[in-house]
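Subject: Handing over a structure, with notes

Dear colleague,

I am passing on the structure below and would be glad if you could look through it before reading my notes.

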Protein chains: 2
Amino acid sequence: MAIAESAAAGGRIVTIGEILVEIMATQPGDGFRAPIELTGPYPSGAPAIFIDQVAKLGQPCAIISCVGDDDFGWVNIDRLKRDGCDVSGIEVRDDQVTGSAFVRYTTSGDRNFVFNIRNSAAGQTRVTEAAAALLADCAHLHVMGSSLSSASLIRETQEAVAAVKGRGGTISFDPNVRKEILGAPDVLQAISYMLSACDIFMPSGAELTMLTEAKTEAAAIAEILGRGITAVVVKRGAEGASYHDSTQDRRIAGFAVTELDPTGAGDCFGATFVTCRLQGRPIADCLRYAAASGALAVTRRGPMEGTSSFAELDALIGEGAVQ
Amino acid sequence: MAIAESAAAGGRIVTIGEILVEIMATQPGDGFRAPIELTGPYPSGAPAIFIDQVAKLGQPCAIISCVGDDDFGWVNIDRLKRDGCDVSGIEVRDDQVTGSAFVRYTTSGDRNFVFNIRNSAAGQTRVTEAAAALLADCAHLHVMGSSLSSASLIRETQEAVAAVKGRGGTISFDPNVRKEILGAPDVLQAISYMLSACDIFMPSGAELTMLTEAKTEAAAIAEILGRGITAVVVKRGAEGASYHDSTQDRRIAGFAVTELDPTGAGDCFGATFVTCRLQGRPIADCLRYAAASGALAVTRRGPMEGTSSFAELDALIGEGAVQ
């Protein structure tokens, strides 16, 4: 595995992308066209959730992002710092407002959003001097498709990817695509670039065939591996996950837990898989820990509230509550 | 009075400035650095509250503003339209997010805010073709100091002022200054310009002496009237208000009501005063209706929830509940 060979088990994992607060409706329904009960601000943003989960596992890590000099920025910085993440790559700007996402579940389980990302501080994320220093000592870089929402964010992300690859580090990519950003110019092209640049590709469900000629799952996996990607990890929510490389296919069932809030589960899964792999653990263990991490995430309300330590993951695994 | 002479009683009142949603903390405390209970989105923005109050009084009116094509924009447009405001001057942009204000009262009654205004759709407010058509048939334009938060907003506002004055319309100005915008370049200068351009100046408390050489209230009023402004109306919250022109000084006590949420009370007061004045009512009646309007506003939770019809104002006045 390129990823295991690329760095010592203690190597730093870095991500680049949006830090947000999430404001959640307490009751399901349609959208935000009348005053309703809400709760927040919760620390959020897919890359931020990812890196907080990495930090909880004790792995050296950092995030490159941008927040406003406001309570919504500090609620995130305080949390990430508390959990062990290096926050030196987070630029704090007093002329910007921290990004936000209002989320409301519909009665059918879909989600309605009101996002402020592109025009928020998150949209100003760039590789500052401090961020460049982090990338200069980085074993692995993780990129979320949700972060590729503007030309400038795509440029900064590709700069970070090039810096890490140039020094022999590895890359993981979670397409994490919402319909909201697919309309933006260059986004599909940027996702294709990431697919060609990454070592580990971690789609959820239908994302697997979104960028392939192949229409079936097996054919899509073969097509992607054929492009030179080391491994494909397919996240399947409550059904668990599967791992595929040129020599093996493995599948793990999901852990049986009571779902309270699915937001962030995929990010936790990915963070735990990448961390375990970087630590040189066997694929089966990486999958098991990742599935446990995703399962615990859904039992907590709030996107970043469900990140877990190895002790917490071991406790769930010890219960043997696989579905 | 220039304002009464300038147009028929049925003339249109227009304002230009920010449309926002407000998200309120349900419990007092300090800021937003941890998840708390919230409620919202409430239609908001000082100019929007002002014009909604004008609409409730049956006066033809319109607002020039900009919102995102999102639930937060539509909750405002739907409300303003329902209450009788012409919404053709509200530009709806799909590349922008509607502005927002998170508000939390401290235990001492101060307010903590997290604003997204300058970088939101509200920051893109401009005199579109539709807005220019509204200004071409406008008896009176009202400007809030809170709307003068960037060079481009100042430019668009001054363009609107010039258009209305050029056709013989009148101008009112509520400095409505928050410390957050006084730091911005050109803001003080823009406020000074409005002070020289307006017919009616409507400060609250300490705002009266903020822009005068004079340090006492009486001297400040004399200084401002000496600059050629027709009338000064000083809003005094629960203590009522006072009116001053070159020939008279009048004072009205506040109505005794139970305060639930003071946000928007000054905007309602100003809207009702300007509307009554434009309708040719005597100063004493204008003050009484305006004070009643401000009083009713504080009895409702939510910035725009406390706008009132003449019937509602008459009911309060009939109760004779002056403090």
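The notes below take up chain A as a whole, then a sheet in chain B, and then a helix pair in each chain.

Please keep in mind that this is a predicted model, in which local features need pLDDT of at least 70 and side-chain atom pairs count only at pLDDT 80 or more, while totals for chains, interfaces and linings use all residues. Residues are numbered from 1 along each chain as its sequence is written, and chains are lettered from A and ligands numbered from 1 in the order in which they are written.

The secondary structure of chain A comes to 11 helices and 13 strands, where helices (H or I, at least four residues) and strands (E, at least two) are DSSP runs numbered from the N terminus. Its radius of gyration, taken over C-alpha atoms, is 18 Å, close to the 20 Å that the globule rule (2.2 Å times the number of residues to the power 0.38) gives for 323 residues, so chain A is as compact as a globular protein of that length. The C-alpha trace of chain A spans about 55 × 45 × 40 Å along its principal axes. Of the 323 residues of chain A, 55% count as buried, that is, with 20 or more other C-beta atoms, placed from the backbone, within 10 Å of their own.

In chain B, nine strands form an open sheet of mixed pairing, in the order β5-β4-β1-β8-β9-β10-β11-β12-β13; two strands pair if DSSP finds at least two bridges between them. The edge strands of chain B, β5 (90–93) and β13 (249–252), each pair on one side only. Helix α3 (residues 71–82) of chain B packs on this sheet, touching β4 (61–68) and β5, and its direction makes about 165 degrees with that of β4(B), on a scale in which angles run from 0 to 180 degrees between N-to-C directions and axes are lines fitted to C-alpha atoms, for helices over the stretch in contact. Contact here requires C-beta atoms, placed from the backbone, within 7 Å.

Turning to the helix pairs, α2 (residues 46–56) and α9 (residues 265–278) of chain A pack at about 45 degrees, with their axes 8 Å apart.

Terms used:
Contact = placed C-beta atoms within 7 Å. Buried ≥ 20, exposed ≤ 12 C-beta atoms within 10 Å, placed from the backbone.
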